[in-house]
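Hi,

Here is the structure I said I would pass on to you. Have a look at it before you read my notes below.

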Amino acid sequence: MSRGVTRRPLLGLLIPAAVAVLFIALPLIGLLAHVDWSNLPSQLVSTDVLTALRLSLECSVIAVVISLLIGVPLAYLLARTSLPGRRIVRGLVTLPLVLPPVVGGIALQTALGRTTPIGTLLDHFGIVLPFSTAGAAIAEAFVGFPFLVITVEAGLRQRDDHFEEVAATLGARPWRRFWEVTLPLAAPSIAAGAALCWARALGEFGATITFAGSFPGTTETLPIAAYSSFEGSGQIGMAITLSLLLLAISVLVLVVLRDRWLGALR
Amino acid sequence: MTLQARVRTQLGTLRLECDLLVPSGVTVAVLGPNGAGKTTLLRVIAGLQPVDDGRVEVDGVVFEDTATGTWVTPESRRVGFVFQDHGLFPHLSVLDNVAFGLRARGVDNKSAYARATEWLERVDLARYASSRPSALSGGQSQRAALARVLVTDPRALLLDEPLAAVDASGRLELRRALREHLSTFSGVRLIVTHDPLEAASLAERVVVLEDGRVTQQGPFSEVSARPRSAWIARMAGLNLLRGAVSSGAMLLEDGSWLTVATSVEGPALATIQPRAIALYRQAPGGSPRNVLRRAVAGVDPEGDRWRIRLEGAVPLVAEVTPAAAAELRLADGGEIFAVVKATEIDVYPV
């Protein structure tokens, strides 16, 4: 990369770049500086924190499972077929990426709320999505699943259907080709997509609080709990502890996935 | 078992119009330059590429017939296709690769793996059974791909450029192994290649495909001795001339005459070995010889015979010794007289 004429960096670029690094680093340093390290262990194992953590993991994992079940088939169809309207669908899928999460939450409310046709129907079966744990998972899936679809589609596009053709000449029918050739070859991108989707779901705030509210033990996930204690009860110490926990999880995801899974994105 | 194909199809800029008959027990090589439609032809037979108009039949089973709308999916054709890149699944072990076709056709795992293991031993790859294909050399992966196809006992065996992905050092050995496996396979055997050496060593018959059309077919020795196209002539290292013969004189396309020793009359082709052409700076005397005025266009040294490209309306290639080339100052270019005896010109009807 940096050879020949570009080896010596331009000073005029170095300064804004340094500002950029500080821009990311300073808030993190600030957060770490305000951690009450002596009370941290007891806060981390307090019921409130553990409840929020358990709920966060639960909702985000459900969100990933939902995304996998509907996102992988969609990515496959987008990448490998010439179904009409693919471009429109692709645009639709990427919309949640740029849509303010609050708008997503309101939109979910208007589509799946108790008084809507679907909400009424679900009500018959005793299922209520708004302000429930399931609703929080749905909101997280809504925001997270575009990451999965985009990553898996890119992964599938990287290869043409050569190996599927090979499998066909060897006698494999379409479903066998899908399960034994297409999916395993797309595994790295599926894993990377699932990781991104999970990370996004874990940090999800806007759509979740709008669609599912913030009820401790039911819908109050880690980010919502952090916000509640920061804004509502003025417990900035607890807010910092929860933030630290989220930060630790993020760093962990980054470290674990960097080479093994996110490599598929490069 | 016989393969019969009539193919008429447009693919991008290529128009493929080709009739093919491959009886079993005879290895046929489709030989032609790159982009002639050779691979497309194999893909049509395997069912990976539908045709606009045509019919494909193997062993009495109609795979495709545009007249009746017949179409058999590739997975139901039982046609063994060894791809140019061998197409081994990178996520499966070599053994899993070889067992894939049997399992896909419903053979239970136990016997599928038993037969796959047996085939790996036959192609001398048993020790690589649990390796990934990426650990194999070009020749090994070719053998694994061959085993993967043969284990399923296909109706036809299609090989696309079988030695292209193999380095030169492994070719000799692999060619021998390939010929052995081909001879024990009783179904239809069809090879596609751009390499005349491969066609000559692996196949009993060649079908020359150029620009989507068959230009010539027959045993390799016949095809290369009496080429019908410039490409085959170049491949065989011969000068090819086109013209018309009338009582011992051949009128060439550029209007010049050659004295020939033949009983052929009418439109004809003629070949001249490059080494049968003698070069002189001065027009030589003496009657029974043909003297063609040309310009030296280039000199390609090749060992003890240098190839001299001669420019003219009908270009020629001559071969002389390096000493003669130096003496005649051929590297300087300039006008030259090419002399050929009538008896050195092989004339045959178009």
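**What I found**

In helix H9(A), a kink of about 55° sits at A:Ala187, shortly before the proline A:Pro188. (A bend at a residue is the angle between axes fitted to the seven residues ending there and the seven starting there.) H9(A) covers residues 174-203, and although it has 30 residues, its end C-alpha atoms are only 38 Å apart, short of the 44 Å a straight helix would reach at 1.5 Å a residue. That expected span is 1.5 Å times one less than the number of residues.

Before going on, some housekeeping: this is a predicted model, where local features need pLDDT of at least 70 and side-chain atom pairs count only at pLDDT 80 or more, while totals for chains, interfaces and linings use all residues. Residues are numbered from 1 along each chain as its sequence is written, and chains are lettered from A and ligands numbered from 1 in the order in which they are written.

Chain A has 12 helices and zero strands. (Helices are DSSP runs of H or I with at least four residues, strands are runs of E with at least two, and both are numbered from the N terminus.) The C-alpha trace of chain A spans about 70 × 65 × 30 Å along its principal axes.

In contact means C-beta atoms, placed from the backbone, within 7 Å. By class, this contact of H3(A) with H9(A) has 11 nonpolar, four polar and no charged residues. (Ala, Val, Leu, Ile, Met, Phe, Trp, Tyr, Cys and Pro count as nonpolar, Asp, Glu, Lys and Arg as charged, and the others, Gly among them, as polar.)

Over in chain B, H4(B) (138-150) and H5(B) (168-184) pack at about 10°, with axes 10 Å apart. That makes H4(B) roughly parallel to H5(B).

Finally, where the chains touch, 15 residues come from chain B and 14 residues from chain A. On the chain B side, H2(B) gives the largest share, three residues.

Cheers

Conventions:
Axes fitted to C-alpha atoms, helices over the stretch in contact; angles between N-to-C directions. Parallel < 35°, antiparallel > 145°, perpendicular 65-115°, else oblique. Contact = placed C-beta atoms within 7 Å.
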